[in-house]
Amino acid sequence: RTHDATTVLYFDVGIDAPIDLGIVHADFIRGQQPFAQGDRIELNALVKATGERMTNTLLCRIGERELAQPFEMDKNAHRTLSFLISSEKLAPGFHQAELRFETNIDALVFNNTRFVTFEVQKKPRVLVLADDVSKVEDFVLALEVLNHDVATKTPADKAALHEYAAVFVIDVAAPTDALWQALGAYAQDRGVCVIPAGNRLQPSAYNTAAARSFLPARFVEPVSASPGSEWNLDANPLQHAFLRPLLAWAEIPNLDFRRYPRRATRSWRVVPQEKSRDIATVVEYDDGRPAILEREFPKGGKVLLLTTPMDDRTPVWNNYGERIAPFTVTLTSLCARHLIAATHGNKTNFIFGQAPPSVKQDFALPRATLQGPGLSEELRFDKERWVGDRLPKAGHYTILGANPDAQRTEVLTK
């Protein structure tokens, strides 16, 4: 009752048996963001049918491309629909996808559409250093299959290491001190993987003072094992960052390297340089010897050292490259993932009416403009930050940053 004796009554009117088909949630597999050019992008949408059995088609539009996923759903059922998006022809930058039903069959239209933004980046550029690049073609192919932009050079080429996201030194018999020093400077904040040569390797070149200041271990002698040394994963609980991808891969049925044991019939016996928290054995063989070691540097860089070759020379020292189930790709993937720092883009997807987007001011591009459904307005920053708590409706939005003096404009986020 109000102060003037007027009575106000509040009540809701609902529907006894509501009928609704809605997109409950949309996200990329395992929340992955951003993607590299060439990645296969999996976008999942959770759809819910309420009230009756539903038949429809979920559409996914990205620019001029449209993908369709027909479906049937029982009453009050949930279902995840997946779209596989090729990024091969997508330019680096932000891209936006719209999910919607082909036919709106209910009156509750706000949940019939979802908008998602994702970022595509250039493939990581990596360098492979080898005495003879023709002898490491399988390794290079594995990196390319794993969606890396690969350059191959010999140590004599004196490559500009800083141009690469990671460096792989493979099948180099006798690296010079100059190479070790260059790799040591590079690895302070980047990643290097050293994969030894087999019979050609000269231990004296791997045990110089320059090498010892860089490598996690010194080389002693080659060791033979019959039928071969396997990784002892029971002694490595997969907690090291290098091994962590195996936790997800372990869910894959009939995983090849578990069905077909990977063995090294010959490997190098190595001894860690010194007792240090910066040096660790990542994986052991089943006889207790180190299979892979790592040295970390204060600025975040690291070097991985393998103890058995991965080149194409004979005699082979392991069965990692057997065609029935090549372990080369698995091991190469583990090394590359560990060496190349993951890039985490800004959060780009928000639910309308929930936690709003927030953007920090970029002083290199001081004028920012918000563009979206039916609007274009200059942003006003408060304490160097803009909060989008007054967006008019759900949809795709883009923030452009500009520096008129430098005649520069670019997309800050979408």
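Modeller: A charge sits over a ring if NZ of Lys or CZ of Arg is within 6 Å of the ring centre and within 35 degrees of the ring normal. The model here is predicted.

Colleague: What makes Arg 266 a charge over the face of Trp 317?

Modeller: Arg 266 is placed at 4.7 Å from the ring centre of Trp 317 and over its face; the cut-off is within 6 Å, so the distance qualifies. Trp 317 also belongs to one aromatic cluster, with Trp 180, Tyr 206, Phe 214, Phe 219 and Trp 268.

Colleague: How many aromatic pairs does the structure hold?

Modeller: There are 12. One of them joins Phe 28 and Phe 35, with 5.3 Å from centre to centre and 70° between the planes. Both Phe 28 and Phe 35 are buried.

Colleague: Why is the pair of Trp 231 and Phe 327 called edge-to-face?

Modeller: The ring centres of Trp 231 and Phe 327 lie 5.3 Å apart, and the planes meet at 80°. Pairing needs centres within 6.5 Å and edge-to-face needs over 60 degrees, so the name applies. Trp 231 sits in the loop between strand E13 and helix H5, while Phe 327 is in helix H7, 96 residues apart. Trp 231 and Phe 327 are both buried.

Colleague: What makes E10 and E15 the edge strands of the sheet?

Modeller: Seven strands form this open sheet, ordered E10-E9-E11-E12-E17-E16-E15, with mixed pairing. E10 and E15 each pair on one side only.

Colleague: How do you know that E16 and E17 pair?

Modeller: They share five bridges in the antiparallel sense; at least two are required, so they count as paired.

Terms used:
Residues are numbered from 1 along each chain as its sequence is written. This is a predicted model: local features need pLDDT of at least 70, side-chain atom pairs count only at pLDDT 80 or more; totals for chains, interfaces and linings use all residues. Side-chain values use heavy atoms; hydrogens and water are left out. Rings of Phe, Tyr and Trp (its six-membered ring) pair if their centres lie within 6.5 Å; planes under 30 degrees apart count as stacked, over 60 as edge-to-face and the rest as tilted. Buried means under 20% relative accessible area, exposed over 50%, partly exposed in between (1.4 Å probe, protein chains only). Helices (H or I, at least four residues) and strands (E, at least two) are DSSP runs, numbered from the N terminus.
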